[in-house]
Amino acid sequence: MRNLLRRSLILPVVLLVALALGTAAAQQRGQRGQGGQQAQQNAGTGQFEILPIRNNVYMLAGAGGNIALSVGPDGVLMVDTGTAANSDRLLAAVQQLQRQVATNGLPAWNFAAETRSNLPRMISPPAPPKPIRYIIDTSLDPDHTGGNEKLSQAGATITGGNVAGNIADAGTGASIIANENVLLRMTTAQAPFRSLPTDTYHMDSMKLSHFFNGEGVLIIHIPSAHTDGDSIVYFRGSDVIAAGDIFRMDNYPVIDVERGGNIQGVIDGLNRILDLSIAEFRTEGGTMVIPGHGRLCDSADVAYYRDMVTIIRDRVQDMIKKGMSLQQIKAARPTKDYDPRYGKTTGPWTTDMFVEAVYQSLIPKK
Ligand SMILES: [Zn+2]
């Protein structure tokens, strides 16, 4: 089943990657002879991969954190915007994808008959794509919000009927939506003004007030998980969830205790994703989940990750109950059996840092 799923995705991926990359980037790659290189992160030069998931929803990898895109007649909605270094190329890739979706990949029909003709296309070419309308930030991390400024400035907010003329700035740029803690923390960190969320929510969830590209979009707050401002985004019609960094395929979850993160919140968030997910058959397929980093997943992948995080939490909890110190817990290696899959000894988030964050989450607060 899984092999079938993968195989059925490979062809469209190859096609779309070729079509969706900006020409400039493609030339650059050609010159440097890196044609078949896998997606790189944070380099500003790596290859993007664009994966069509279902209906109008796509996943874009390689620009920092994974990006979910809804591209269609209403314009573009993006979940996260990658790193700042990638933002020019990301914008070019999004615009290229829009053009491709608008024309269905065909420059013109190459036949004419009674029912189909080149004539309408020649008389009136496809309407220019609508702008980027919404950006939703799953957290404040720079590899998820780095492109906010560039991408939102290339877009336009959908305004009501009465703002024009009163507020000159009202239609400028796409809306940037996030949990209010993202705005608070980005403001404290003195992030550039144009990269800040323009619309925030403080309740359990928020939904777009109308269908976008034919479906409802629900933004759900996951309290105290990766940070205190995490959101997951649920495309209700396409049945796709963008999970942000509470769920990632390349590492243990990053728990930013300083910014309000907690192991228990991560587990609750993963359970929330599982509550929303329905498998197609025997836990495979069905609801598709875009992790913060790494390959596209289904609910079985989320369940495995949830179990892993829960088991490690329980082990550390037991060790704390036995009176072990942080050093003793690290030495006992509570993650040992999962380390070949998720462990890291170098880089921004090592296994050591994960165990310490779990410990900090669980010890009684003074
Ligand atoms: Zn990330």
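In strand S4, the bridge partner of Ala68 is Val79. Before you click further, know that this is a predicted model: local features need pLDDT of at least 70, side-chain atom pairs count only at pLDDT 80 or more, and totals for chains, interfaces and linings use all residues. Residues are numbered from 1 along each chain as its sequence is written. Helices (H or I, at least four residues) and strands (E, at least two) are DSSP runs, numbered from the N terminus.

Now select S3 and S4 (residues 75-79): they pair in the antiparallel sense over five bridges. Two strands count as paired if DSSP finds at least two bridges between them. A hairpin of two residues links S3 to S4.

Look for Met59, which stands opposite Ala68 in S3. The hairpin of S2 and S3 has five residues between the strands, and in it Gly62 takes a positive phi near 110°.

Is S3 enclosed or open? Six of the six residues of S3 (residues 67-72) are buried, so this strand is largely enclosed by the rest of the structure. Buried here means that 20 or more other C-beta atoms lie within 10 Å of a residue's own, with exposed at 12 or fewer and partly exposed in between; C-beta atoms are placed from the backbone. In a regular strand the side chains alternate between the two faces of the sheet. Colour Ile67, Leu69 and Val71 for one side of S3, and Ala68, Ser70 and Gly72 for the other: all are buried.

## Next: helix H7

Select residues 180-188, which make up H7. Its buried residues are Asn181, Val182, Leu183, Arg185 and Met186, and they pack against S6 (175-179) and S7 (199-201). That packing is judged by contact: the C-beta atoms of two residues, placed from the backbone, lie within 7 Å. Just after H7, find Gln190, with a positive phi of about 55°.

## Then: the open sheet

Six strands form an open sheet with mixed pairing, in the order S8-S9-S10-S11-S12-S13. S8 (205-207) and S13 (297-298) are the edge strands, each pairing on one side only. S12 (residues 288-291) and S13 run antiparallel, joined by two bridges.

Show H8 (residues 263-276) with H9 (residues 299-321): they pack at an angle of about 155°, their axes 10 Å apart. Axes are lines fitted to C-alpha atoms, for helices over the stretch in contact, and angles run from 0 to 180 degrees between N-to-C directions. H8 and H9 are therefore roughly antiparallel to each other (angles under 35 degrees count as roughly parallel, over 145 as roughly antiparallel, 65 to 115 as roughly perpendicular and the rest as oblique). Residues to show in this contact include Val266 and Leu270 in H8, and Val302 and Val309 in H9.

Finish with H12 (residues 351-362), whose axis comes within 10 Å of that of H9, crossing at roughly 60°. Which residues of H9 meet H12? They are Ile312, Arg313, Val316, Gln317 and Ile320, and they meet Val355, Val358, Tyr359 and Leu362 in H12.
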